[in-house]
Amino acid sequence: MDEFTYILKRILQMIPVLLIVTLAIFFGMRMIPGDPALLLVGNRASDETIAAMRAKLGLDQPLITQYLLFLRSCLTFDFGNSLTLKAPVTELFRQKAVVTVSLTLMTILFAVLISVPLGYYAGLHHDQPAGAVINSISLVFVSVPEFLIGLLLLLVFALKLHWFPVGDWGHTLPEHIRSLILPSLTGALMTSSLVMRNISDNVVKVLSYDYVDFARSKGLSEKRIRNSYILRNVMIPAVTLLAMRMTYMLAGSIVIESVFALPGIGQMMLNAILSRDYSLVQATVYLFAIIVLVMNLLTDISYSLLDPRVKLK
Amino acid sequence: MSEIERILDVRHLKTDFFLENGPVTAVNDVSFHVNKGETFGLIGESGSGKSVTLRSILRLLRKPGKVVGGQIIYKERDLCRLSEQEMRGIRGREIGMIFQEPMTTLNPVQTIGSQIMESFKKSMTKEEKEKRAVELMQLVGIPSAEERLRSYAHQFSGGMRQRAMIAIALASEPSLLLADEPTTALDVTIQDQIIRLLRKLQRDLGMSMILVTHDLGVASEICDRIAVMYGGRIMEQAPAEEIFTHPKHPYTYDLMRSVPSMERKGSELYSIEGTPPSLDNMPAGCPFAPRCELADDRCREDAPELTSVNGEEEHIARCWHIDRLIEQAKYLKV
């Protein structure tokens, strides 16, 4: 019952947050110089043509009316057509979300595959050269910007070695997966460095606790000690960190999708901002915000499932 | 006396810590034995090497510690020579251990029941395991054991955690239990309960025990024989009653004087001046010489050996002035 009230409370708390998001994105977009109508009809159009286009787009109405219309669409999830792409916004979002969500999931997968074994190894050998080398390399990947890593990977593995396509999403599942490998790796490197540091530090901390010695004094096998004593305690903070990074990854998809020319939400949003496609930008940011809030809630719930000391209250 | 079976025989144990500036010796030529069914006490201040001695026995030393010399004979096998695999067969099933701080000794993400049951034989069914776990929890005095099986360490009080830890250590029925300051982190009333529990368990189960403590009161309640450690060496060793009534070493004598007693009520409590020597800066002679009231040039230059007191084999002390101490000790009231 406690859990149910907690989740209900958290969902209710989302309402004011989402309201602020709608305000920020609606008025933020309109503060950027540039007129979508003008962009659509071109510079040389007559004043009448521009005015007609503004009326068609509903931009001639008072701001407050426009905002209330946007709010209504936020409740019904019907955001109308994109100003530039002439297709329903919800449908566009759904199509592009497949790419971005696949990218994020694959990035997480890579991050786990890289960070868990390396972090565990570095933690066990923290006082030896091997551990120090792993930790310094991870520091490099934390400090180098993602787009640079992405460009380097693209240059070497796609342009020189031709192992991976350059900016081709493909049509079949194997093609999709192949085109996601380099971008996922790019996104995973920084996250795995952070998670690896976290795991490595926590391995050192857990090993300093007597419960590992106690487990050994009971004659348990090293495998059992590693799995139920060291890794289980180490993974609790690491999973939380990974879940938090997942929201960063969604936001970071703008950069990565641009570098690798992936047709995802990030790229769509970037184009929409550049062409002042108000309806598309507003809807995308709003839906994005919902995803982030839901994921934050799931993170907290997963934390309480993993750690018996944490209760949802 | 030869009928008494020795369960553990530690001979000339030497444990070093390999630090950056070279090795330092934490346990230096320590020899003692534990008879079947008795409780042997290792007492001394922090840093005297008593906990390192315990960890050396089970080979649970943390880096950079390492046993560099001596033998640890358990049931006719030298533990120092066993492979890691063979050692795992000794840990838990033959020699168990309990620790000082129950909060950090229990796995926070595993139920108490599961931590007890993971020591059981794989051939046991789940029902058998749970039944046995409940029995163990009842044995150490945990109320409503069946419900507590599924509790986590953070849901227990300090004393209950210590009881749970004991139940976990007893799960694989060790013949020898190593207890590393098992009462230090507890309230005085709880301390007393845990000591009584340990004494009862030891008698009922016929277990032998090594108790490491800095608390003379605890040691006097439960130990059959006692060794006093200082600076990594045993300074004096004797049957418990003997050592409390007739301490022969100046350090033991000073330790006894530092304990508040009803008879000396009103007078200022004695405290030993100075601090124990650090491991990397051991005095050339007797380690206690810098703090000893009886120390002379010989003590400072030449380390004494353990010698028997009054020709008694059971009572040995490491001091050049044993004779003078015998005189002094007459005035001690414990």
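How many residues of domain 1 of chain A are in contact with residues of domain 2 of chain A?

**Conventions.** I am working with a predicted model, in which local features need pLDDT of at least 70, side-chain atom pairs count only at pLDDT 80 or more, and totals for chains, interfaces and linings use all residues. Residues are numbered from 1 along each chain as its sequence is written, while chains are lettered from A and ligands numbered from 1 in the order in which they are written.

**Domains of chain A.** I find chain A divided into domain 1 (21–76) and domain 2 (89–306), with bounds that come from an automatic or database domain assignment. To the opening question I note that eleven residues of domain 1 of chain A are in contact with nine residues of domain 2 of chain A, contact meaning that the C-beta atoms of two residues, placed from the backbone, lie within 7 Å. On the side of domain 1 of chain A that touches domain 2 of chain A, two or more residues each come from α1 (2–31), α2 (36–41) and α4 (63–76) of chain A, and α1(A) gives the most, with five residues. Helices here are DSSP runs of H or I with at least four residues, strands are runs of E with at least two, and both are numbered from the N terminus. By class I list eight nonpolar, two polar and one charged residues on that side of domain 1 of chain A, where Ala, Val, Leu, Ile, Met, Phe, Trp, Tyr, Cys and Pro count as nonpolar, Asp, Glu, Lys and Arg as charged, and the others, Gly among them, as polar. The centres of the two domains of chain A, taken over C-alpha atoms, are separated by 37 Å.

**Leu280(A).** I looked up this residue in helix α12 (residues 278–306) of chain A. Leu280(A) counts as buried because it has 26 C-beta neighbours inside 10 Å; the cut-offs are 20 or more other C-beta atoms within 10 Å for buried, 12 or fewer for exposed, and partly exposed in between, with C-beta atoms placed from the backbone. Leaving out residues up to four places away in sequence, I see that Leu280(A) touches Ser82(A), Leu83(A), Leu85(A), Val89(A), Leu92(A) and Ala272(A).

**Between the chains.** I count 24 residues of chain B in contact with 17 residues of chain A. The side of chain B that touches chain A takes at least two residues from each of α2 (84–90), β6 and α3 (102–105) of chain B. The predictor gives the complex an ipTM of 0.89 and a pTM of 0.83.

**Strand β8 of chain B.** Is this strand enclosed or open? I note that six of the six residues of β8 (residues 208–213) of chain B are buried, so the strand is largely enclosed by the rest of the structure. Ser208(B), Ile210(B) and Val212(B) cover one face, and Met209(B), Leu211(B) and Thr213(B) the other. Strand β3 (residues 39–43) of chain B runs parallel to β8(B) and is joined to it by five bridges, two strands being paired if DSSP finds at least two bridges between them. Five bridges also join strand β7 (residues 176–180) of chain B to β8(B), again in parallel, and there Leu178(B) stands opposite Ile210(B).

**Confidence.** The mean pLDDT of chain B is 89, with 96% of its residues at 70 or more, pLDDT being the predictor's confidence in each residue, from 0 to 100. Among the elements of chain B, helix α13 (residues 322–329) has the lowest mean pLDDT, 66.
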